[in-house]
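Here is a short report on charged side chains and backbone angles. Look at the structure first, then read on.

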Amino acid sequence: MYKAEIDWSHELHQTIVKSLATSFGLDFLLFEDKDGGDVDTIHNVRKGIYATEKEKEQYDNRGKYDSHKYHSHPNYIATNKQGKIAHQQGELYDEYTDNVFSINDKKNLDHVISGNEIHDDAGRILADMKGEDLANAESNLCFTNENINKKKQDKPMEQFILKLQNKRIENQKKIAELKNKPHLTEQEQKELKKLENIDNADLAKMKKIDEKARADYDHKINRKYYTSSRFVKNITKQAVISGFKMATRQMLGLILAEAWFELKESIPAIYKKNRQDFTINGFINDLTSTFNNIWDRIKKKFHTFFIDFKDSAIGGVLSSINTTLINIFFTTQKQIVKILREIWGNLVQAIKLIFFNPQSLPLGQLIKEVGKIVGAGIAISCGVMVNSMLSQVSTFPFGAEIAVFCSTLVTGIITLGVTYYLENGEVCQKIWSFLDKFSDSTKRLNFYREVNKELDCYLLKLYQLEFNIDTEKLDAFSLRLSSVNNELERSFILEEEIKERNIKLPYEKGNPDSVKSWLNSL
């Protein structure tokens, strides 16, 4: 089994230069990676992470909370009226205690998610929805006794439940003390009633009511924002920009790398030549010749650069969309944004190779090449993480430059290690050989199909040129030959005609080697 020999120093130099010129060298000019990506999401703005200053300014200019607006909403007033009628009929339930209100009980209509919390919600502002409408949705309004409502105020339900849990034992002791007194003053009776109302709160039910209200609230906001033309426009715009930047970076980086490779070969020769016999004209001619060589080198690989430009553009678009989708649920760190961009750049190449296989590689070799591409993506990702860690501690002079060099060195070593193992690893060699067998079978099948087609065409030509038969018989034979549905029936028809015409074939019938020999002689 042939094993590729690798010139480690040459390959490492090539990999490091290309990494420096693309992934680690030009990013600072074209990309400004930041936590959360380039498109605002509800998840991120609620954490105070904004992709655009415009949205942050809109949140900062939201104005003060106006309680009157939230408590004078038509739905709030209508719900209160319905509750009043049910209360008078003795059919109104306290939804936080599950008890029926008595005629003398004081009821309040509570906003499960407080109006103040909704007003200050960055997600609501990003979705451009009215807080009064959201706060007074049916799922966010609950009747409860006045004592619980005043105790809750504008706290989120989770905090309020935690506070009640911490105070429950203390409240129960006070209730027991008041009940053990032989006589209670009017003030003590009110205090006992208040404590009992609060103690009757069903914390588990309150939690479920809050979860339901928040699920409905978040659903409305998410649906409004993520289906809006503004979000679609932003994600499309950033995807296009990212694709163009990625493509530009890759093409410029590869051009600079090729320029460096040529200069690396030419500079020692120019130095050696001009050290002994230096003239201005000679030096200028040498430089001109070098730049011409660089241009010729770039022109020869322009087609490759253009393909990389297209592939990188697609990778940039997909990485931007992927980053935004992730940020709908999680906040990506800026190094993760870069890793996603590099991985998608390699994934596009791998997918293209799998589906199009432009070099018609056997299955084993195809999988090996895909493995190299994926390995390169993983190597770059490792380099990005190394760069991120070193950048945090490299505060000394030239620390950033050293971090970049170490990152590219790690990328180069991992890339070459993966390539070497895929080319020379004993296990890999067995896998590639096994997979290649499937490709060989397919190739042989296609070969014999082509042979049959050639034979059919050849025999038809013989009939037209050499056989002394009339036109009607030739038409009948052609019709019969074309009407059959498989190669077996066609072979029977041809065999009958060969016997009937006493045709001597230039190969031995039924002998594949003889057929191959004859075809090779054509």
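Arg214 is partly exposed, with a relative accessibility of 22%. This is a predicted model. Arg214 has a charged partner, Glu117, and the two form a salt bridge. Their closest N and O atoms are 2.9 Å apart. Glu117 sits in helix 7 (residues 115-119), while Arg214 belongs to helix 13 (residues 203-226), so the pair ties together parts that are 97 residues apart in sequence. Glu117 is partly exposed too, at a relative accessible area of 26%.

How many salt bridges does the structure hold? The count is 17.

Now turn to helix 11, which spans residues 157-180. Glu170 takes part in a salt bridge with Lys167. Glu170 also meets Lys174 in a salt bridge. Lys167 and Glu170 are three residues apart, about one turn of the helix. Lys174 and Glu170 are four residues apart in helix 11, and again about one helical turn separates them. Lys167 is partly exposed at 37%. Glu170 is partly exposed at 38%. Lys174 is partly exposed at 37%.

Salt bridges with shared partners also build a network elsewhere: Arg46, Asp121 and Asp218 are joined into one.

The table lists the three pairs described above.

| Salt bridge | N to O distance |
|---|---|
| Glu117 and Arg214 | 2.9 Å |
| Lys167 and Glu170 | 3.9 Å |
| Lys174 and Glu170 | 3.7 Å |

Next comes the backbone. Most residues other than glycine have a negative phi. Asp98 has a positive phi of about 65°, yet it is not a glycine. Where does Asp98 lie? Its place is in the loop between strand 1 (93-94) and strand 2 (99-100). Asp98 is partly exposed, with a relative accessible area of 43%.

Asp128 is another residue other than glycine with a positive phi, near 60°. Asp128 lies in the loop between helix 8 (122-127) and helix 9 (131-135). Is Asp128 buried or exposed? Asp128 is exposed, because its relative accessible area is 54% and the cut-off for exposed is over 50%.

To recap, Glu117 and Arg214 link helix 7 with helix 13. Glu170 pairs with Lys167 and with Lys174. Asp98 has a positive phi, and so does Asp128.

Terms used. Residues numbered from 1 in each chain as written. Predicted model: local features only at pLDDT ≥ 70, side-chain atom pairs only at ≥ 80, totals over all residues. Heavy atoms only, no water. Salt bridge = Lys/Arg side-chain N within 4 Å of Asp/Glu carboxyl O. Helix = DSSP H or I, 4+ residues; strand = E, 2+ residues; numbered from the N terminus. Buried < 20%, exposed > 50% of the residue type's maximum accessible area, 1.4 Å probe, protein only.
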